[in-house]
Amino acid sequence: MPDLGNLSERVQSLTCRVALISDDRELADNWVGALNTTAAQHENPFGLSFETVTTDTVERLALDEDELQALIVDAGSDAGGLAAAEALVDRLHALRGQLNVFLVAQGCDISVSVRQRFDELFDRRECNFNQMFRLVQAFIARRASTPFADTLKEYVFSARDAWHTPGHSGGDSLRNSPWVGDFYRFMGEHVFNTDLSVSVQVLDSLLEPHSVIQEAQDLAAQTFGAEHTFFLTNGTSTANKVVIQQILGGGGKIIVDQACHKSVHHAIVLNRCEPVYLKSVLHPEFGIYGPVKRADIEQALDEHGDARLLVITSCTYDGLRYDLKPIIDYAHERGVKVLVDEAWYAHGYFHPQLRPTALECGADYVTQSTHKMLSAFSQASMIHVQDPDFDDHRFRENLNMHASTSPQYAMIASLDVARKQVAMEGYARLNQCLKMVETLRKAVDDTGVFRALTRDDLIAEPLADDNIRLDPTKVTIDISASGYSGGEMQIKLFEQYGIQVEKTTYNTVSVLVTLGSTESKLLRLIHAFKQLARSARKRLHVPSPRRLPEFTRLTCLPADAYFAETEELPLMDNGTLAEKNLIGRISADEIVPYPPGIPVLVPGQEISAQIVQYLQQLLQGQNATEIHGLIFRSDEPLLRVVRENGPSSSAPKKSPKASRKNGS
């Protein structure tokens with residue numbers, strides 16, 4: 001447990017409310033009085049205060065009181081009371097999963113299921129209030145601890161001389177430089193003196209953790225509801241690659257959304273996977289690609305009995321998330337592992353309106369960009385694991401193949417601190433976020449020009465029966481009636497009002513409401529929309545969303561095409577000539593227009609006339625679209641294609657057979 005000795009000096013006026021749940025009024029009053037007296041007599045850095053609540057009002061207390069941190073459940077003196085206590089705690093866990101929960105019972109007949117639900121047990125007859133207070137405080141202190149961040153801070157303040165990497169040596173190479181000293185002053189000393197080396201053994205090793213990093217990861221697993229959690233300092237892109245290598249290293253069949261993050265496509269190439277691509281559903285009015293139809297996922301699982309991994313993105317960039325449990329159960333019934341990319345949903349576990357999360361629905365692996373919606377630094381991510389066949393040794397080796405041997409320690413500390421924040425105040429912060437969302441949506445709608453899109457607005461008709469949900473913290477605003485395009489609106493918000501939005505389509509802009517959103521920022525955003533509504537103009541031409549061309553056949557494994565002998569062919573070249581030369585050729589690269597960020601071509605895919613025309617239109621449009629994967633030689637766009645004698649066939653090559661358990 002953390003040392004409480006000097007904690008009072010470091011903690012600023014905290015209040016932690018602890019509720020004793022009991023329908024025995026006399027016992028509850030006596031115990032709460034004794035516990036508050038004990039709290040007044042002892043060191044109490046977290047500001048623990050005890051109160052009574054009955055079983056029929058505790059759920060309302062859990063929803064209403066942000067400062068509630070722990071519950072003591074009185075199970076009475078009979079077996080029926082234990083069963084009721086279990087049921088009550090399950091309901092409370094669904095509301096506030098991060099709270100510490102303690103059981104007061106009489107006798108020793110405690111089942112394993114009961115023990116697993118409670119942090120600690122107290123005998124109803126003992127009345128040892130000193131011990132009860134200390135244990136409640138210790139568990140809260142454990143949840144509030146940041147073992148790695150504290151160790152990093154203590155090491156920096158010990159002011160050791162550095163005769164090791166990195167070469168700036170705590171910023172000393174820059175501090176007094178007439179040429180780059182301004183950069184040191186701009187960034188601040190702690191950016192440099194926390195940038196340390198793996199030589200500092202007290203800070204543990206990210207690649208082989210045994211002390212403070214492992215302790216921080218264990219706390220994260222407990223906080224997010226995983227069996228194991230791993231920290232990464234090079235983003236969820238690497239997290240996805242590690243998990244796919246764990247299951248499919250060396251080859252195998254993977255079922256995956258065509259609109260998944262490009263890191264998944266990269267992992268397919270790196271691990272010589274055979275992909276089964278699922279088609280995302282386009283919303284015809286807003287040009288937003290949503291989830292895959294559940295029926296299509298189930299059909300793919302039925303048709304590909306040799307698949308070993310299903311990859312799902314939930315929620316999407318626009319906040320649309322699957323009803324995951326039936327999908328995961330369907331995959332598991334067929335022996336298929338499930339990876340859920342929750343890059344945009346690390347906050348989901350900490351508010352009942354946002355649950356259930358992928359882990360709660362049974363996903364084997366979940367990857368999260370802790371930096372996207374929580375308080376970690378960019379590139380700081382986590383992998384959560386609850387695969388019953390998990391091979392810890394192989395996983396660490398796979399992770400080490402992709403991770404840097406020189407991790408950024410400030411990123412690791414930010415993961416530790418971000419975890420602490422959601423464990424202690426995630427519910428309160430998300431309550432504030434949801435209130436801001438409500439205010440923003442109403443204000444946008446009140447302009448009469450802009451419209452905050454609802455769940456029903458964003459779900460295309462083919463997904464109507466799939467129980468798709470919306471993360472409200474992603475606010476998509478229809479700007480069609482303003483007369484401005486998404487790109488124009490983005491520029492106006494930035495240049496005239498100092499506001500940077502998250503993304504745009506041709507007729508929407510999207511903003512994120514995160515833990516870092518403030519009332520002042522909200523005020524300025526609402527003001528900007530009100531002002532822009534007054535200057536709305538009539539649009540002469542309303543564009544329609546460009547539909548992605550149909551996915552053509554995959555002629556070989558993506559890896560075979562990517563690493564094949566290739567040639568570069570012009571994409572424009574008088575239009576029709578380029579089309580004639582490219583039709584039927586095999587792409588060697590992944591070609592991704594942004595937006596929407598979905599591949600038009602993947603390595604090994606046959607190029608069609610429709611694909612060529614689509615890419616030409618994107619490059620010739622008034623607002624040229626950014627296209628990842630194209631090659632430019634003297635400003636001429638080229639596609640890398642497999643030479644005619646390269647790998648091709650009428651069907652993808654089969655991957656080597658491998659055991660379903662733990663990959664190859």
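Trainee: Is Arg469 buried, partly exposed or exposed?

Mentor: Good place to begin, and keep in mind that this is a predicted model. Buried means under 20% relative accessible area and exposed means over 50%. Arg469 has 23% relative accessibility, so Arg469 counts as partly exposed.

Trainee: Which residue does the side chain of Arg469 meet in a salt bridge?

Mentor: Arg469 lies in strand E17 (residues 469-470), and the partner lies in the loop between E12 and helix H15 (324-333), 146 residues apart. The N to O distance is 3.2 Å, and the residue is Asp323.

Trainee: How many salt bridges does a search of the whole structure find?

Mentor: One of them joins Glu51 and Arg17, with the closest N and O atoms 2.7 Å apart. Another is formed by Glu644 with Arg585, where the closest N and O atoms are 3.2 Å apart. Over the whole structure, the search finds 38.

Trainee: In the pair of Glu644 and Arg585, which residue is buried?

Mentor: Glu644 is in the segment after strand E25 (636-642), and Arg585 is in the loop between helix H23 (576-582) and strand E22 (592-594), 59 residues apart. Glu644 has 62% relative accessibility and therefore counts as exposed. At 10% relative accessibility, the buried residue is Arg585.

Trainee: On to the rings: is the aromatic pair of Tyr317 and Trp344 stacked or edge-to-face?

Mentor: The ring centres are 4.6 Å apart, with 25° between the planes. Planes under 30 degrees apart count as stacked, and over 60 as edge-to-face. The pair is therefore stacked.

Trainee: Why does that pair tie together separate parts of the sequence?

Mentor: Tyr317 sits in the loop between strand E11 (307-313) and strand E12 (320-321). Trp344 sits in the loop between strand E13 (337-341) and strand E14 (365-368). The pair therefore ties together parts whose separation in sequence is 27 residues.

Trainee: Which residue has its charged end over the ring of Trp344?

Mentor: Trp344 is buried, with a relative accessible area of 13%. The charged end in question lies 4.9 Å from the ring centre, and it belongs to Lys372.

Trainee: Is the pair of Phe450 and Phe529 stacked or edge-to-face?

Mentor: Phe450 is buried at 2% relative accessibility, and Phe529 is buried at 1%. Their ring centres lie 5.1 Å apart, with 70° between the planes, and the pair is edge-to-face.

Trainee: Phe450 is in contact with Asp478; where is Asp478 placed?

Mentor: Leaving aside neighbours within four places in sequence, the contacts of Asp478 include Phe450, Arg451 and Asn507. Asp478 is buried, with 9% relative accessibility. Its place is in strand E18 (residues 474-478).

Terms used. Residues numbered from 1 in each chain as written. Predicted model: local features only at pLDDT ≥ 70, side-chain atom pairs only at ≥ 80, totals over all residues. Heavy atoms only, no water. Phe/Tyr/Trp six-rings, centres within 6.5 Å; stacked < 30°, edge-to-face > 60°. Helix = DSSP H or I, 4+ residues; strand = E, 2+ residues; numbered from the N terminus. Buried < 20%, exposed > 50% of the residue type's maximum accessible area, 1.4 Å probe, protein only. Lys NZ or Arg CZ within 6 Å of the ring centre and 35° of its normal. Contact = heavy atoms within 4.5 Å. Salt bridge = Lys/Arg side-chain N within 4 Å of Asp/Glu carboxyl O.
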